[in-house]
Amino acid sequence: MRGLKKTRRIQILVLAGVALVLATGIIGYAMRDGINFFRSPAQLVAEPPAPTEVFRLGGLVEEGTLLRGQGETVTFSVTDGAASVPVSYTGILPDLFEEGQGMVGQGRWTGERFEAIEILAKHDESYMPKEVIDALQDQGVYKAPNAAPASN
């Protein structure tokens, strides 16, 4: 009688362990397309990803490269001071999108250009994503926006 209870307990623990490993595997498999890594232009040029990988690219929109009104596709270049990457995007850009401003785009690298499927909007004129600030600070080109006077 005692050995039967011990055997049953071991079977239940093994079954629970197998179920836990299986659930972890299924969750990991389901999340593989939902995780998007951030890259700066310098990182993208140094280590190009696979053409099927979706990731985020961020930096400053390079002055003089934004071409609007050339059909549905908008082209521009993104830079972090060390490298510049051409970007194409088909869609409507956020209202605050302009040259010299920080941006983060999500898309794929084709080998020649970054094809964005989404351009993330900024909240206001002084907002810049943390990842972009970090990438620009690494290259030594980040300029902090003018601090607004404190109001009491």
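The largest nonpolar core in this predicted model has 18 residues. Phe76, Phe97, Phe114 and Ile119 are the residues with the most contacts inside this core. Two or more residues come from each of the elements β2, β3, β4, β5 and β6. As a general matter, nonpolar side chains in soluble globular proteins tend to be buried together.

Apart from its neighbours within four places in sequence, phenylalanine 97 is in contact with Val61, Leu66, Arg68, Phe76, Met103 and Ile119.

I turn now to strand β5, residues 102-109. How many of its 8 residues are buried? The number is 7, so the strand is largely enclosed by the rest of the structure.

Strand β5 has pairing partners to consider. Strand β2, residues 55-61, runs antiparallel to β5 and is joined to it by 6 bridges; here glycine 59 has methionine 103 as its bridge partner. Strand β6, residues 114-120, is also antiparallel to β5, with 6 bridges between them, and glycine 107 is partnered with alanine 116. The hairpin of β5 and β6 has 4 residues between the strands, and glycine 111 takes a positive phi near 105° there.

Finally, consider glutamine 106, which lies in β5. Is glutamine 106 buried or exposed? Its relative accessible area is 12%, under the 20% cut-off, so glutamine 106 counts as buried. Beyond its neighbours within four places in sequence, its contacts include Asn36, Phe55, Arg56, Phe114 and Glu118.

Key:
Residues are numbered from 1 along each chain as its sequence is written. This is a predicted model: local features need pLDDT of at least 70, side-chain atom pairs count only at pLDDT 80 or more; totals for chains, interfaces and linings use all residues. Side-chain values use heavy atoms; hydrogens and water are left out. Buried means under 20% relative accessible area, exposed over 50%, partly exposed in between (1.4 Å probe, protein chains only). Two strands pair if DSSP finds at least two bridges between them. Contact means heavy atoms within 4.5 Å. A nonpolar core is a set of buried Ala, Val, Leu, Ile, Met, Phe, Trp, Tyr and Cys residues joined through side-chain atoms within 4.5 Å.
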